[in-house]
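My entries follow in the order I made them.

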Amino acid sequence: VLFLSLPLLLNPFQMIGQVFMLVDVPHHCNTSWIRAIGPNLTEEEQLNLTLPRDANGEYEQCSMYSPVDWDLSSIMEYGLNATEKCSSGWVYPSAQPPSLLTEFDLVCDRKDLNDISESIYMLGLLLGAIIFGPLSDRIGRRPIFLISILLQCLFAVGAAFVPHFYVYMAFRCVVGASVSGILITTLALATEWVGVSSRPKAVLISHCFVAVGQMLLAGLSYGIRNWRLLEIAGSAPMFALFFYIWVLPESARWLVTKGRIEEAKKLLQKAASINKRTIPPGLLEQLKPETQTKSGSTLDLFRKKHLWKLTLIMSCAWFSDSLVYYGLSLSVTSFGLDIYLTQLAFGAVELPARFCCIFLLQWFGRKKTQAALLLLSGLMCLTITGIPEDQPVATTVLAIIGKFTATASFSTSYVYAAELFPTVIRQTGVGLCSMSARVAGIMAPLIRLLGQYHRAIPMAIFGSAPVVGGLLCFLLPETRGTELVDNTGTAAPQSSRRPEILSKRDTTEDGVDLEKDV
């Protein structure tokens, strides 16, 4: 679980680190053309002659007076009237460290490229879910996990050296795909190596590392303002994980479903020796593949009524989780308070949110927890739409509560989905759910663009989806205390009640539920 969790420390940097590379700064059109006829003008005189002012008396940021071939005295006497868009670039504060915004001029007509690039990254997450989900069901969890780490290392660090913003977006798309591969294989390995009672803990402990990463992001982005150095600092540490090639095990449960029994036995014996336990030889010999087990496909999820019902509702839940989670995360600069403190609060609130899930899932079960958290996160966003713009503290407090419930809901979805889908198509099912979440992730930055028509529109949309998703979750079966299903023939997860002697054995040796064939 520790090895699976370490890559997730840097996950928040890839997810929302770009927000801190694009902090808005004062800017105005480059009007150096007037220096040719008035080389001795002060900066204030130059701006006063060449830039129009807005209704508040401030210099316009996206327009300038059209250059003329008059002499300086004529310009000062008659003034300029015709305006045009900035044609020679922009001028930024000289003390401003290089950022994505200043280096690639992501202002005025190019401002929307910020949200579009976030959507491109989310598109990468979607492609990763499409590619790596089914692939890890076919060739294994371990190779996909390692390949994803390698891709993230290479392209995330490479993004710090790109010469053009469009190349940057392409690199970010690949990074998104690799992050998706890491997330879904982490889920599979965590759930398939751990017994029933500790399954939620394994997944949610790994998610707690994401919360710690959120807080690290606030400190890292506050301390390093140069975007290229920040990109390297947030990505290069992944290279330290190259030793995973030798220490990370494959899922023994997956090996059993593929008929690779001897490999599974070796891994189980290694696990037992590390834990100073012994597996009775007779029990180990009874480990056999199920004769009906075969590789699953996406179509299997829609061939049986119980599976397509689970797939559609869980996809809707993941979509809602993602929409509200990224909607709030990417809006960190628009709540009116210091963005670094807000991000620190967002990260700090994620840690208890993910930790609380361990107890909420145990006390109230998966279904009620999932539904209640989705409904609460939706209600927080809907409440924000009614808060006046001059109340940034109230807006931020509601956003933090919404982030708490959205985070807890997302973590619940991971546990719930892993328990609902059978082993042979678990990664395919989770990958499909992840795809719906990534579609929401693609939409979230684009929905924020609607704020130019009315500031309440984005939050109204972010709040409505989880309310609908939460209500649908009441139609799902409960999986608390049930065994993982291995094939598609079983209608629902089965209760884990069993004879006392097997229950005791399960608490010490549960790798792939050896006792299920006894």
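**Disulfides**

I began with the cysteines, and a disulfide joins C29 to C86, with an S to S distance of 1.8 Å. The term here stands for a pair of cysteine sulfur atoms within 2.5 Å. In general, a disulfide is a covalent bond between the sulfur atoms of two cysteines.

I note that this is a predicted model, in which local features need pLDDT of at least 70 and side-chain atom pairs count only at pLDDT 80 or more, while totals for chains, interfaces and linings use all residues. Residues are numbered from 1 along each chain as its sequence is written, and side-chain values use heavy atoms, with hydrogens and water left out.

Which hand does the disulfide of C29 and C86 have? The torsion about its S-S bond is about -60°, so I wrote down left-handed. I then looked up where the two cysteines lie: C29 is in strand 1 (residues 28–29), and C86 is in the loop between strand 3 (83–85) and strand 4 (90–91). The pair links distant parts of the chain, 57 residues apart. Helices (H or I, at least four residues) and strands (E, at least two) are DSSP runs, numbered from the N terminus.

Next I checked accessibility, where buried means under 20% relative accessible area, exposed over 50%, and partly exposed in between (1.4 Å probe, protein chains only). C29 has 0% and counts as buried. C86 is buried too, at 15%.

The count comes to two disulfides. I found the other between C62 and C108, with S to S 2.0 Å. Its torsion about the S-S bond is about -90°, so the disulfide of C62 and C108 is left-handed. C62 lies in the loop between helix 3 (43–50) and strand 2 (63–65), and C108 in the loop between helix 5 (100–103) and helix 6 (113–139), so this pair ties together parts that are 46 residues apart in sequence.

Is C62 buried or partly exposed? At 33% relative accessibility, C62 counts as partly exposed. C108, at 19%, counts as buried. With the bonded cysteines of the chain numbered in sequence order, I read the pairing as 1-3, 2-4.

I also looked up two further cysteines. C356 is partly exposed at 31% relative accessibility, whereas C433 is buried at 0%.

**Aromatic rings**

I searched the whole structure and got 16 aromatic pairs. Rings of Phe, Tyr and Trp (its six-membered ring) pair if their centres lie within 6.5 Å; planes under 30 degrees apart count as stacked, over 60 as edge-to-face and the rest as tilted.

One of the pairs is F3 with Y244, which is tilted, at 5.4 Å centre to centre and 55° between the planes. F3 sits in helix 1 (residues 2–5) and Y244 in helix 11 (residues 244–247), 241 residues apart. F3 is partly exposed at 30%, while Y244 is buried at 0%.

I then took F242 and W246, an edge-to-face pair at 6.1 Å centre to centre with 85° between the planes. F242 is exposed at 53%, and W246 is exposed at 61%.

Which residues form one aromatic cluster with F3? I listed F145, F243 and Y244.

**Charges over rings**

Last, I looked for charges over rings, meaning NZ of Lys or CZ of Arg within 6 Å of the ring centre and within 35 degrees of the ring normal. The charged end of R172 sits over the ring of Y121, 4.3 Å from its centre. For R225, the charged end sits over the ring of Y222, 5.0 Å from the ring's centre.
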